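Open the model in the viewer and keep the selection panel at hand. The stops below say what to select and what is there.

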Amino acid sequence: MIQIYNSLTRKKEPFTPITPGEVKMYVCGMTVYDYCHLGHARVMVGFDMIVRYLRARGLKVTYVRNITDIDDKIIKRAAENGEDIRVLTDRFIGAMHEDERALGVLPPDAEPRATEHMDGMLKMIGVLQKKDYAYRAANADVYYRVRKFARYGTLSGKSVDDLQVGARVEVDEQKDDPLDFVLWKAAKPGEPLWDSPWGPGRPGWHIECSAMSMDCLGNHFDIHGGGMDLKFPHHENEIAQSEAATGEQFVNTWIHVGFVRVNEEKMSKSLGNFFTVREILKSYNAEVVRYFILASHYRSPLDYSDESLDQAKSALARLYTALKDQPLVSVDAAESKYEQAFFGAMDDDFNTAVAVSVLFDLAHEINRLKTTDVSGAATLAVRLRRLGDILGLLHRDPDEYLKGKPRVYERRLTDTVSVTDTAKIQYEMSEQRIEELICERTAARQAKNWSESDRIRDELMAKGVILEDGAGGTTWRRA
């Protein structure tokens, strides 16, 4: 039985889909006005892992992840750039897809855009107004009456009275209550607008996800997720407006992914301490970044540093080294102790930290058996690949990975000027040059010129190339 920590009840619960064998899941995706940073990547990889695992457990998953393509930040960035909003959002949607492909994130089954679901938003706002949960203010904005929803604050653990302390109303707002949040914003000069029963304008952020999720999955579905920062007010507001509109429970299980931290502070664009996925991929293989994310439990804080990524790089290399030169063989479908430990960890709230440790137990046993039980080592190597695949890891050829095939990644320096950084990731020494030096070293060894042989080995090691001499000759890998 899969157990999931439900943010709504603050405890682990047995996961029972509404429809047996089927899971409907919605995750709040990117607001597309800039490149994805590592915090976004953690959410994408985290829920990709959850979807992969649920499917590996035989469940049919419908995974919806939205795109917010209209909001204040997008409007501001487009104005700063002097470009059309659709041009801006299309560019960053394309960049987001490039980043997720690099990280091995499978595409969601549906990826609705907010601008394509206006009818659903207008309908919901209309229903809320008829039920007196929404009102049109004198400034033509439409607001949600927070105090009318008795269960407000259940998800975040905040009481309305506590929220009242320090709440304020902006000068240009005309709310009935400082806690009320906007459902529809009246049009302002130069901003995009849509027609509505309350006049031209655009939706508030919170109503977008309620409409998109219910348009795609229905009024009541299994899992809703996102980053920890969305728990309040975004997800709290989604629950309030959705359940007020339908009279039904909105979502059974809420899942929130922990923050990525830099120097013990949350990584965010507002703090200016963020690193984009593209910047990180200039220095680290994308699978290393994915491993780094999955080596910690999805709810725990993830501390970013070069040292942490270096450790992830070394750890992943150890797994690939165990798989090196292991043939693909037929393996009994029966679960071994390794599968039992792996699935036990993953059934316990997707505990990838423990599941990854099982991969290392397998790798250790493979290395032990390589010289004493070749068949046994090959069998365990197949099991290691299978379990790694569930996490989206270990899908590459070990020799290719360990030799660090150069990859090309172009990145845009800025979205405000048309300057493109065409610098490519290249290693200090090409594969062809490494092979040439290995041939020279082999010739030196045959001539018993040990000083030249050592000099070549040292030169390669200085460039991060490790040689391994064996009965079949010399092989190599990147450090």
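Select helix H1 (38–56), which gives the most residues, three, to the lining of the largest cavity. Helices here (H or I, at least four residues) and strands (E, at least two) are DSSP runs, numbered from the N terminus. The model is predicted: local features need pLDDT of at least 70, side-chain atom pairs count only at pLDDT 80 or more, and totals for chains, interfaces and linings use all residues. Residues are numbered from 1 along each chain as its sequence is written, and side-chain values use heavy atoms, with hydrogens and water left out.

**Stop 1: the largest cavity**

Two or more of the lining residues come from each of helix H1 and helix H9 (286–294). The volume of this cavity is about 50 Å³. A cavity is a set of points, on a 1 Å grid over the protein atoms alone, where a 1.4 Å probe fits but cannot get out; lining residues have an atom within 4 Å of a point. Grid points are joined across faces, edges and corners, and the volume is the space filled by probe spheres set on the points. Sorted by class, the lining has five nonpolar, three polar and one charged residues. Ala, Val, Leu, Ile, Met, Phe, Trp, Tyr, Cys and Pro count as nonpolar, Asp, Glu, Lys and Arg as charged, and the others, Gly among them, as polar.

**Stop 2: the second largest cavity**

How many cavities of 30 Å³ or more are there? The count is two. The space inside is about 40 Å³. Here too H1 supplies the largest share of the lining, three residues. This lining has five nonpolar, no polar and three charged residues.

**Stop 3: H2 and H3**

Two packed helices are described by the angle between their axes and the distance between the axes. Select helix H2 (residues 72–81) and helix H3 (residues 85–102), whose axes come within 9 Å and cross at roughly 105°. H2 is therefore roughly perpendicular to H3. Axes are lines fitted to C-alpha atoms, for helices over the stretch in contact, and angles run from 0 to 180 degrees between N-to-C directions. Angles under 35 degrees count as roughly parallel, over 145 as roughly antiparallel, 65 to 115 as roughly perpendicular and the rest as oblique. On the H2 side, show Ile74, Ile75, Arg77, Ala78 and Asn81; they meet Ile85, Leu88, Thr89 and Arg91 in H3. Contact means heavy atoms within 4.5 Å. Five of these contact residues are nonpolar, two polar and two charged.

**Stop 4: a loop residue**

Move to Ala140, in the loop between strand E5 (134–136) and strand E6 (142–144). Ala140 is not a glycine, yet has a positive phi of about 80°.

**Stop 5: H6 and H7**

Select helix H6 (residues 205–217) and helix H7 (residues 231–246), which pack at an angle of about 55° with their axes 9 Å apart. That angle makes H6 oblique to H7. Among the H7 residues that meet H6 are Pro233, His234 and Asn237. Center on Pro233, which lies in H7. The peptide bond from Phe232 to Pro233 is cis, with omega near 5°.

**Stop 6: H10 and H12**

Last, select helix H10 (residues 306–323) and helix H12 (residues 352–369), with axes that come within 9 Å and cross at roughly 45°. H10 is thus oblique to H12. Ala315, Arg318, Leu319, Thr321 and Ala322 in H10 meet Leu359, Phe360, Ala363, Ile366 and Asn367 in H12. By class, this contact has seven nonpolar, two polar and one charged residues.

Definitions and conventions: 1 Å grid on protein atoms, 1.4 Å probe; cavity = no way out; pocket = protein on both sides within 12 Å on 5 of 7 lines; lining within 4 Å.
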